[in-house]
Amino acid sequence: MSGVGIQLTITGQVQGVGFRPFIWQLANEFQLCGEVYNNAQGVIIKVHKTHQMSAFIEAIQERAPRLAHISDISQKTITTANYQTFTIAHSCLGKMHTQIPTDVATCQDCLTELNTPTDRRYHYALNNCIHCGPRYSIIERMPYDRSATTMADFAMCEPCAIQYRDPQNRRFHAQPIACNKCGPTLSLLNNSGEIITQDAQACIDECVTQLKQGKIVAIKGVGGFHLAVDATNTEAVNRLRLKKHRPHKPFAIMARDINAIQGIAFADETERAQLQSPAAPIVLLRQNKNQSNTELAHNIAHNIAHNITLDMPFIGVMLANAPMQHLLASRMHSPLVMTSANLSGCSPVIDNVQAIEQLGSICDCILTHNRSILRRLDDSLVQVIDGKPSIMRRARGYVPHMLDLPKGFELCDSVTAFGADIKNAPCFIKQGKALLLPHLGDVSNPAILDELSRSLTDNQQLFAHQNQLIVADKHAGYVTHQQAKILANSENLQLVNHHHAHIAACLADNGIAREHPPVLALVLDGLGWHDGSHSQATHSLFGGELFIADYQHCQHLRGLPATPLIGGDKAATQPWRNLFAQLECHVDDWQAQAQENRQGKPCALSQLQQQPIALLRSAIQNNLNTPLASSAGRLFDAVSALVSDCFAEQSFEGQAAMKLEALAWHDFTENSLDLSDFKRSYPSPNIKQMWQQIMSLYAHQTPSAIALFFHRYLAHLLLFWLRQAQVQVRSNKVVLSGGVMQNALLTRLLVHGLQQQQQVPLCHHKVPCNDGGISLGQALVAWAQLQERT
Ligand SMILES: [Zn+2]
Ligand SMILES: [Zn+2]
């Protein structure tokens, strides 16, 4: 007998997160008869109609599982079968609309099992349940079922199968579940790929022994291999630096749990919440440099090696987030350095064969298992600025969570944006939501460019995504621009200015509607090519600019004075070139001042004097590979070349700027945020005046004092611009975007200053302020412009 019923369709991140057993339990509580199943749209519930329907729907929304994100619950009247009970039915295929879950750090219940000798899953290195474990990294296709994952080849043993079928168990339909008896197993290999042991306990024991002896071990993680060494062993860290050709860039460390970071770094409540969140990202923390003074005597033995961060005041910390990492960390009694495992020039390794081929020359042994990783997911990176978390690198734990778009973008669909060249992370827009794909890195590296093509094809299939509108940066010299042209036809390619994309990404991150009136937007970064047709500037390489913008339009108001990039691209790696350019442009008699300043003592200025100055001057005069650029990044490099030891060469992007920020933090106090002294002393600030001040401070002030002066003066100058420009717009919101906003000190100065002058700062949170967030902005600008035209 059939009857009148209701069908509920629930969309969002509702599969693979324990949603159906949750509905089953709830339906039993409400004494409903019917069924629940997954289809490609999401979760479908069919029940006989009762007066309890609205209470039932309310309960779904209020009590949904921790990892679920409900986008929408729609209902319609149907004719139902004659249900006697409530059941969980099989999944049905169809057109894909639902979201794919993210990879989640090991939950407390699984951790307890891991450490309980009587438990079936005691010390099981791939333990997981409905609340935790791998997802996006192992899913081949949708809908999400075990047969569609890299767990397909592992048949469940009977006890696992019983749990899998039991709606009251937290492993009900948890697709990747396994145990010591039926699941993937560990192997410890030497660096030629020969098996040392495949006994689970011996693998961990031997790996710990090797780490304690200062060896480098390649360890398979959730989204790829890490190279690990004991973080308290200076020599081991040094060896890792040499082998990875990574002389200075700070490493991140992995600690057993939140208590294990005490004495190493300071974490406030927000930072601790980030560390312990299901995404378990690397969080940038202030390092405790006086570790031996700590009261926590037991930590003294765990003083971490100084060469992990060298002279940087911050340290990237993550907590163990997979069972195998927990097993290692609990045995190590000290944190591990964990860095992505790749040879320079290659992409990070995700499979066992690659690990043996590529990592053998770097590591001493390899700890791996036979559950395959389908997609590379680097560790995500978060920084808390002014009490608010901001994602700097978006990958494991965050991708592929769909981001809601602001009002006005509901119909935005089938857009593919390529993003930027250096921190590449493409973006799909699908049915009014944004899918920011995993961070890949620098696509000028052919291996990473290959990954970009593969990632686009793979995710297009996985998400049944259509490329109707293809978007790229306007600069024809960008690799991403060229790739987009290959994929697009003449009609569906849209090009967007670099800085406009930054602004739109920030607007969307703050939920600013498409029809919102234009706002002021400050974009500070290394370099972005700007199509000069809407600007008064005579140069096209921008990076320290003020705009008036909305999603459709972007008008350039003013920028830092343009200075020559001496030697073109070389200026990005050799800070002294920028110091020379700035002094030539802004300080009339810098060579004479250099003589007086330090009375012949060796300093950056005397080093600069040794460069072929006449030759460099003639290059500038004759426009020989000295394009003009108004880059904030290069200005930081210039000041850093003067006061830090980063003069000749930086070994990684942002090194000079990070050193300058580190120096400034040394002298920073909360009083530094108040810029009223600068307002009195420098009522009409400009870069020329700033350099003259810096030169006069140079003779008698410490590098830290000058670094702090520079940060405060620059903030003062930018805030002055923003005050002056306010009359040109109705809105008092101000976008703060671009990679330079990763500088927490400058961002704090700007945020504080804007609040003082009754303007509302819009900072980045879920979408990186650096080029990793650009693809979202590109997609929205291109689509909004297209709507305006049609
Ligand atoms: Zn779990
Ligand atoms: Zn089993």
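This is a predicted model: local features need pLDDT of at least 70, side-chain atom pairs count only at pLDDT 80 or more; totals for chains, interfaces and linings use all residues.
The zinc ion (ligand 1) is held by four cysteines of the protein. Its donors are the SG atoms of Cys107, Cys110, Cys129 and Cys132, which lie 2.3 to 2.4 Å from the metal. What is the geometry of the site of the zinc ion (ligand 1)? The angles among the four donor atoms run from 103 to 121°, and the site is tetrahedral. Along the chain, the donor residues follow the spacing C-x2-C-x18-C-x2-C. Cys129 counts as buried because its relative accessibility is 0%, and the cut-off for buried is under 20%. Cys132 is buried as well, with a relative accessible area of 0%.

Setting aside residues up to four places away in sequence, Leu522 touches Glu545, Leu546, Leu718, Trp721, Leu722, Val735, Leu736, Ser737, Met741 and Leu750.

Now consider a serine. Ser775 lies in helix 23, which covers residues 774–789. Is Ser775 buried or exposed? Ser775 is buried, because its relative accessible area is 0%. The side chain of Ser775 reaches the backbone oxygen of Ala425 at a distance of 2.7 Å. Ala425 is also one of the residues that Ser775 touches; beyond four places in sequence, the others are Ala417, Phe418, Gly419, Pro426, Cys427 and Leu436.

The last stop is a glycine in a loop. Gly224 sits between strand 8 (217–220) and strand 9 (225–230). With a relative accessible area of 9%, Gly224 is under the 20% cut-off and therefore counts as buried. Apart from neighbours within four places in sequence, Gly224 is in contact with Ile219, Val349, Ile350 and Ile373. Asp145 gives a reference point for position: Gly224 and Asp145 are 79 residues apart in sequence, and their C-alpha atoms are 22 Å apart in space.

Conventions:
Residues are numbered from 1 along each chain as its sequence is written. Chains are lettered from A and ligands numbered from 1 in the order in which they are written. Side-chain values use heavy atoms; hydrogens and water are left out. Helices (H or I, at least four residues) and strands (E, at least two) are DSSP runs, numbered from the N terminus. Buried means under 20% relative accessible area, exposed over 50%, partly exposed in between (1.4 Å probe, protein chains only). A polar contact is a pair of N or O atoms within 3.5 Å; within protein, one must be able to donate a hydrogen and the other to accept it, and residues adjacent in sequence count only if both atoms are side-chain atoms. Contact means heavy atoms within 4.5 Å. Donors are N, O and S atoms within 2.8 Å of the metal (3.2 Å for Na, K and Ca); water is not among the atoms, so sites may look incomplete. Four donors count as tetrahedral if all angles lie between 85 and 135 degrees; four count as square planar and six as octahedral if opposite donors are over 155 degrees apart and all others between 65 and 115; anything else is irregular.
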